[in-house]
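Work through the exercises below with the sequence and the model in view, and try each task before reading its solution.

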Amino acid sequence: CRKASAKVITINVSGGNSKEIFELFTNKLVFSDFYLFYIFWQKCDLHKLEEGPPLQAVLSREEGLQYYRTMQTMRRMELKADQLYKQKIIRGFCHLYDGQEACAVGIEAGINLSDHLITAYRAHGYTLTRGGTVREIMAELTGRRGGIAKGKGGSMHMYTKHFYGGNGIVGAQVPLGAGVALACKYLGKNELCVCLYGDGAANQGQIFETYNMASLWKLPCIFICENNKYGMGTSVERAAASTDYYKRGDFIPGLRVDGMDVLCVREATKLAAEHCRSGKGPILMELQTYRYHGHSMSDPGVSYRTRDEIQEVRSKSDPISMLKDRMLSNNMASVEELKEIDVEVRKEIEDAAQFATTDPEPPLDDLCNHIFYNDPPMEVRGTNPWTKLKSVS
Amino acid sequence: MASLRCFLRSGKVFVTVRDALNQAMDEELERDERVFLLGEEVAQYDGAYKVSRGLWKKYGDKRIIDTPITEMGFAGIAVGAAMAGLRPICEFMTFNFSMQAIDQVINSAAKTYYMSAGLQSVPIVFRGPNGSSAGVAAQHSQCFAAWYGHCPGLKVVSPWSAEDARGLLKSAIRDDNPVVFLENELMYGVPFEMSEEVQSKDFLIPIGKAKIERQGNHITLVSHSRMISLCLDAAAVLAKEGIECEVINMRTIRPLDAEAIETSIMKTNHLVTVEGGWPQFGIGAEILARIMEGPAFNYLDAPAVRVTGVDIPMPYAKNLEDNSIPQIKDIIFSVKKTLNV
């Protein structure tokens with residue numbers, strides 16, 4: 001770790017307040033050991049919480065580049081899926097995550113891989129952050145044997161270690177997540193569960209049932225509402241009597257966070273994780289975010305919102321652009337470096353798409369497998385009484 | 001409170017179905033730390049029907065958990081816990097209330113191992129009383145054997161005797177897959193003789209195998225749960241007239257032991273199924289369809305028939321209720337019609 005000289009500079013933060021920060025200078029040609037103290041000028045909204053996340057975050061160069069790479073990979077992967085869907089190589093449901101990358105990346109940055117996570121059907125991004133590869137995600141979308149679920153799950157049913165999908169029934173994943181948290185507490189390994197749902201799901205009864213039990217039993221569960229302002233074609237104002245989703249947990253402390261800023265999300269997640277791990281029970285985070293695509297590939301996404309609105313978010317709040325600008329303007333990375341990452345990401349996606357379109361479909365004799373775990377082989381009735389198919393665990 | 005116990009010479013005891021279930025859970029809780037029980041009133045109340053009596057006192061809050069009256073929520077929590085490495089027993093006070101949670105049973109539990117192509121298993125038991133009781137009227141009397149028996153990814157089990165209850169519950173808890181365990185409230189207090197072998201801690205009844213409760217040559221009666229008692233009573237009456245019924249206790253609804261039924265039909269040439277549930281798309285309907293499609297059809301000397309509950313919501317008045325479910329005389333009547341005597 002190279003020693004560097006420190007210099008104090010004063011900067012004006014929006015709102016007219018001056019703050020003093022330390023900025024470490026290194027040799028401008030070598031970007032190693034560069035740390036940025038970043039100050040948020042937007043405080044989080046808090047509900048029954050004494051203190052929010054710290055108003056400043058430290059971002060190392062390494063972290064910055066990693067978040068950039070992951071978000072860019074996620075973005076390109078989703079756009080490629082869009083392409084493949086329009087070519088009819090992906091079929092059925094396909095709910096894309098582009099615009100929301102800072103949520104998945106920021107959350108993962110605030111927890112450990114040994115923690116647990118569950119989400120709904122807009123899950124490709126989380127499958128990636130939880131250890132899935134682009135190859136196996138895309139091959140699952142195209143329904144091939146190299147897919148993360150061997151082609152048997154599809155877009156909404158992808159799983160990895162400590163990642164419980166990908167769930168198709170709106171809201172059902174929330175009690176499941178609390179159950180995972182119960183197991184964490186029961187087994188005493190200081191792990192927690194991040195349990196995600198959208199603004200549409202937030203009105204589900206089973207979520208309130210879950211809030212009640214998680215709170216009663218002090219389960220180490222971070223409930224996260226990804227509020228992208230629309231539940232399919234219904235805006236939040238038309239669906240919820242109260243759109244303060246971070247307060248809907250009532251007796252559960254909550255905070256509302258800018259979900260387009262990966263550092264904001266990370267710092268809030270760290271606070272939430274600390275809350276859970278200290279045995280205080282569940283906590284609720286609302287991430288204000290946005291999806292560029294419609295609800296799914298069958299929704300153009302412009303009948304209930306204007307193209308202007310989408311364009312405005314893209315130009316002013318895009319999570320990847322925001323991180324890129326932050327890193328460039330603070331000399332944390334060079335333009336060429338980031339371009340190189342873009343090129344590498346593009347190649348990774350192309351390779352994955354190539355694999356996903358050429359890998360064969362699952363073999364027909366896999367049809368009846370995976371009904372039961374750890375069971376002897378059994379017979380499954382086919383479409384007619386003479387067809388008896390084989391099933392192994 | 002003490003169970004009816006009577007020590008016979010050969011080490012056999014009389015054990016009620018309730019106590020058999022209680023002992024099975026106790027032993028499995030002791031054997032595996034990951035097993036736990038949750039549901040309404042299971043802990044401090046000792047169980048709505050006292051099936052979990054004494055367990056909370058012995059195992060405490062961590063392993064015996066009282067839930068609020070929120071079936072969808074706690075069933076989902078149980079499934080999530082199973083996904084993350086525990087082995088929950090999720091009690092529904094009756095299976096009528098499982099309808100509130102049925103999405104979690106089917107979509108979250110039953111289908112997950114398949115959807116994940118073997119990555120995510122769900123070792124959970126859903127148990128509770130099923131079917132008609134006495135005087136509890138329409139909303140509390142439905143039989144769910146056919147509904148759950150319809151779904152791939154589930155094992156569905158329906159014990160009759162104390163031995164069934166003990167062996168099948170132990171198997172269900174040790175099974176790494178979602179098992180729906182359909183008990184019967186009216187059977188809880190019924191004592192059965194239990195041999196020493198059955199009393200042993202590792203006594204298991206394999207899921208998916210039926211049992212011949214009574215041998216006979218003239219006609220096969222296939223049934224499950226409480227109706228087995230009626231079949232045996234009917235068989236005793238018919239025996240006096242020289243008609244010997246073979247009574248098959250299904251024990252498991254899914255996977256159905258079609259082979260046991262076929263083997264019996266090849267001997268007796270006649271079939272009557274008996275169930276407490278409604279006729280349409282029910283247990284008997286499935287058995288008859290399978291027999292038609294299989295080798296035993298050619299051995300039938302008469303069409304196979306079903307004895308079922310009446311196709312109505314369950315009424316309250318005793319006389320009406322008694323006439324809504326199969327009685328012994330209905331079984332005797334159907335047997336004689338089938339045998340054309």
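**Exercise 1: a pocket and its lining**

Task: sort the lining of the second largest pocket by residue class, and say which residues are closest to its centre.

Solution. By class, the lining of the second largest pocket comprises 10 nonpolar, 8 polar and 7 charged residues, where Ala, Val, Leu, Ile, Met, Phe, Trp, Tyr, Cys and Pro count as nonpolar, Asp, Glu, Lys and Arg as charged, and the others, Gly among them, as polar. A pocket is an open set of points on a 1 Å grid over the protein atoms alone, with protein on both sides within 12 Å along at least five of seven lines, and its lining residues have an atom within 4 Å of a point. The model is predicted, so local features need pLDDT of at least 70 and side-chain atom pairs count only at pLDDT 80 or more, while totals for chains, interfaces and linings use all residues. Residues are numbered from 1 along each chain as its sequence is written, chains are lettered from A and ligands numbered from 1 in the order in which they are written, and side-chain values use heavy atoms, with hydrogens and water left out.

The next step is the volume, which is about 600 Å³ for this second largest pocket; a volume is the space filled by probe spheres set on the points, and grid points are joined across faces, edges and corners. Of the 25 lining residues, those closest to the centre are A:Arg91, A:Gly143, A:Gly151, A:Gly153 and A:Gly154.

**Exercise 2: the second largest cavity**

Task: find which residues line the second largest cavity, and how they divide by class.

Solution. Begin with the count, which comes to 2 cavities of 30 Å³ or more, a cavity being a set of points where a 1.4 Å probe fits but cannot get out. The second largest cavity holds about 30 Å³ of space. Its lining is made up of A:Ile371, A:Phe372, A:Asp375, A:Pro376, A:Met378, A:Ser391, A:Val392 and A:Ser393, and these divide into 5 nonpolar, 2 polar and 1 charged.

**Exercise 3: where the chains meet**

Task: describe the contact between chain B and chain A, from its area to its residue pairs.

Solution. The size of an interface is often given as the accessible area lost when the parts come together. Chain B and chain A bury about 3500 Å² between them, with 68% of it on carbon and sulfur atoms; buried area here is the accessible area (1.4 Å probe) that two parts lose on being put together, summed over both. In chain B, the residues that lose the most area to chain A are B:Ile77, B:Tyr114 and B:Met115, together 20% of what that side buries. The contact (heavy atoms within 4.5 Å) takes 44 residues from chain B and 36 residues from chain A.

Turning to pairs, there are 2 salt bridges between chain B and chain A, a salt bridge being a side-chain nitrogen of Lys or Arg within 4 Å of a carboxyl oxygen of Asp or Glu. B:Lys155 forms a salt bridge with A:Asp375, with the closest N and O atoms 2.7 Å apart, and A:Asp375 is also among the residues that line the second largest cavity.

**Exercise 4: a link within chain A**

Task: locate the two partners of the salt bridge between A:Lys48 and A:Asp250.

Solution. The closest N and O atoms of A:Lys48 and A:Asp250 are 3.8 Å apart. A:Lys48 sits in the loop between β4 (45-47) and β5 (56-60) of chain A, and A:Asp250 in the loop between α7 (236-239) and β11 (254-258) of chain A, 202 residues apart; helices (H or I, at least four residues) and strands (E, at least two) are DSSP runs, numbered from the N terminus. Over all chains, the structure holds 45 salt bridges.

Definitions and conventions
Polar contact = N/O pair within 3.5 Å; in protein donor to acceptor, adjacent residues only side chain to side chain.
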